[in-house]
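Take a look at the chain below. This report goes from the whole fold down to a single residue.

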Amino acid sequence: MPVSDRELTQMFERVLTLSKVDKTQSVAVLKSDYSNPRIVRAAMDAAQRLGANVYGVELPAFNHPRAMGMDMTAYCGDTPLTGNIAAQRALEAADLIVDTMMLLHSPEQEQILKTGTRILLAVEPPEVLARIMPTEEDKIRVNAAAERLKRARSIAVTSKAGSDFRATLGQYPTVTEYGFADEPGRWDHWPSGFLFSWPDEGSAEGTLVLDVGDILLPFKTYVREKMTLEIEEGFIRRIHGGFEAEYLRDYMAYFKDPEVYGISHIGWGLQPRAQWTAMGLHDKNDGMCMDARAFYGNFLFSTGPNTEVGGSRKTPCHMDIPLRGCDILLDGEPVVLAGDVVAPEASRA
Ligand SMILES: [Fe+2]
């Protein structure tokens, strides 16, 4: 249901307060032609009500000729900020950027964060922002799981559908998303509530079987028939099944880049207010469907780039694939069993 402008501003006040915005802070609202004007206005109004110094940075939209579709996760790397040093400096001057445009997966975002500037991405529809308002409790639960993931040296994922996947961990950091940006240099995304890391290069092995009801992003489709991904030495080597496997094979081949088959971030969802069913109630261009990435107990597996944690795979194609009903074990100890979070206790909702 629609959220009123007044309520949206109040929501931004709460999330910006969680993000440590006050009268000592400067807040830049980053926008482009396609930004939701209601979100831009609410972010500006809320930051001003909190006494911050507020300014807007507006960049012309950028469309890569190879990009397909409107989902902003479907083409990674280049953004409207690419090559615009003056705008980058204006953003680096802020304490916090509210990103209504989407800098994710760009080298410029990493450079801005390194200056200590915080970034909060907010591109989902107001209804989704309202339903998945972040809380301090979300942060506590996600951080509890992150403490366990940071110590892990291996991950194994199995399921009744037939998944049998493993990788070693430790080469790359653990990343948390709890919905607000409250530390210097922190990037976060409202709404979220999950965590992830990346397999050590070349270590991901085994089989992932996508079952009926699992989700393919950015296609925003529920899988209707089983599909098998065979993974060797950190790369998907074979994709088989029916029509949906053929579709995925053709989509990934379109990029003509062997790096698209690399395994990217892997982790699990911890957000009980995110819903597996929500995607079916939205149009494809409503947003990027964070419900699917964050819903409680999903195993989120992905492909493609790893540049945001210092890896060398810069590739535009990025698939996020949440699987239901999996067992996830770290160093042989379960954290998720049959799609339910079992440990650490402090991470359970
Ligand atoms: Fe992703």
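Predicted model: local features only at pLDDT ≥ 70, side-chain atom pairs only at ≥ 80, totals over all residues.

## Fold and model

Helices and strands are DSSP runs, numbered from the N terminus; a helix needs at least four residues and a strand at least two. In this chain, they come to eight helices and 20 strands.

How many of the 349 residues count as buried? The share is 57%. Take the contacts with a separation of 6 or more: residues 24 or more positions apart account for 71% of them.

The accessible surface of the chain is about 14200 Å². Carbon and sulfur atoms hold 52% of that surface.

## Charges

The chain has 36 positive and 49 negative charges. Their mean positions lie 2 Å apart.

## A residue in strand 19

Leu 337 belongs to strand 19, which covers residues 333-337. Why does Leu 337 count as partly exposed? Its relative accessibility is 37%, and partly exposed covers the range between under 20% for buried and over 50% for exposed.

Which residues does Leu 337 touch, leaving aside neighbours within four places in sequence? They are Cys 326, Asp 327 and Val 342. Thr 17 makes another reference point. Thr 17 and Leu 337 are 320 residues apart in sequence, and their C-alpha atoms are 35 Å apart in space.

How values were computed. Residues numbered from 1 in each chain as written. Heavy atoms only, no water. Buried < 20%, exposed > 50% of the residue type's maximum accessible area, 1.4 Å probe, protein only. Contact = heavy atoms within 4.5 Å. Areas by Shrake-Rupley, 256 points an atom, 1.4 Å probe, with all protein chains shown as cover. Lys, Arg positive; Asp, Glu negative; His and termini not counted. Charge placed at Lys NZ, Arg CZ, Asp CG, Glu CD.
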